[in-house]
Amino acid sequence: MRRSMLAAACFAASVASAQAADAYSFSPTPMAYNWTGFHIGIVAGLAGGQFQNNAPTNIGPLDEGGGFTGGAVIGYTHQLSPNWAAGIEGDISYLDIDARTGTASFEEQWMGTLRVRAGYTWDRYFAYATAGVAMTDVEVGLGTASNSDTVVGFTVGAGLEGYITGNWTGRIEYLFVDVPEETFTITGGPIVGGSNNHVGRVGVSYRF
């Protein structure tokens with residue numbers, strides 16, 4: 001009787017051990033990344049402008065320029081389904097874009113955008129298209145005279161964002177920014193000018 005009970009106990013122990021080993025070797029379910037929530041972050045990159053002047057009787061920019069851009073972003077995203085997300089994002093950035101034609105100058109020193117983002121999510125990534133309103137600070141000069149204004153246009157672009165670790169994400173992004181032509185009243189004659197800007201940037205964000 002004792003031998004039978006001992007054998008049964010050994011058998012039960014071996015079965016329990018095997019089940020525990022199977023449970024330990026079972027691969028856990030991959031983490032499900034959810035994009036719903038607010039985020040803040042910083043961006044930096046390069047911005048270039050192609051300037052135009054369609055009023056040849058006036059002095060205006062006919063050149064290309066560009067340089068560093070950097071700023072901050074804030075926004076909200078909502079996970080619509082397992083593979084789709086959409087939201088809104090705003091940013092403000094320093095610019096270093098300028099052109100000169102003779103003694104006339106055309107400089108863009110900062111821009112801000114308010115955009116919708118929508119796209120496809122998988123694993124830890126969010127590939128998106130974006131579009132919205134862009135505001136660009138423009139300052140023109142002619143000799144010692146100058147004038148400035150905030151010009152409102154539009155922006156479109158695309159990007160890829162992904163989780164790095166914890167609540168931190170990284171992104172790579174391209175924006176096309178239209179700066180419509182505007183007439184600036186200035187001593188020495190009006191200046192007419194605008195630009196098509198191309199912005200390439202990377203960034204990091206913290207998601208709440």
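**Figure 1. Overview of the predicted model.** Of the 208 residues in the chain, 40% count as buried. The chain is built from one helix and eight strands, arranged from the N terminus on as α-β-β-β-β-β-β-β-β. Its accessible surface comes to about 11300 Å², and 65% of that area belongs to carbon and sulfur atoms. When contacts between residues at least 6 apart in sequence are considered, 64% of them join residues at least 24 apart.

**Figure 2. The largest nonpolar core of the chain.** This core has 21 residues, and Val138, Val140 and Val177 have the most contacts inside it. Two or more residues each come from β1 (37–52), β3 (84–101), β4 (104–122), β5 (125–142), β6 (145–165), β7 (168–184) and β8 (191–207). Another core, of six residues, lies apart from this one and includes Tyr33, Trp35, Ala85 and Phe126.

**Figure 3. Surroundings of valine 140.** With neighbours within four places in sequence left aside, valine 140 is in contact with Ser105, Phe106, Ala145, Ser146 and Asn147, and also with Phe184, Ile186 and Ile191.

**Figure 4. Glutamate 161 in strand β6.** Glutamate 161 counts as buried because its relative accessibility is 0%, and buried means under 20%. Its side chain is joined to that of threonine 169 by a polar contact of 2.6 Å. Not counting residues up to four places away in sequence, glutamate 161 touches Arg117, Arg124, Arg171 and Arg207, as well as Trp35, Tyr125, Phe126, Tyr128, Thr169, Gly170 and Ser205. Among these residues, Trp35 and Phe126 also belong to the core of six residues.

Conventions:
Residues numbered from 1 in each chain as written. Predicted model: local features only at pLDDT ≥ 70, side-chain atom pairs only at ≥ 80, totals over all residues. Heavy atoms only, no water. Helix = DSSP H or I, 4+ residues; strand = E, 2+ residues; numbered from the N terminus. Buried < 20%, exposed > 50% of the residue type's maximum accessible area, 1.4 Å probe, protein only. Contact = heavy atoms within 4.5 Å. Areas by Shrake-Rupley, 256 points an atom, 1.4 Å probe, with all protein chains shown as cover. Core = buried A, V, L, I, M, F, W, Y, C linked by side-chain atoms within 4.5 Å. Polar contact = N/O pair within 3.5 Å; in protein donor to acceptor, adjacent residues only side chain to side chain.
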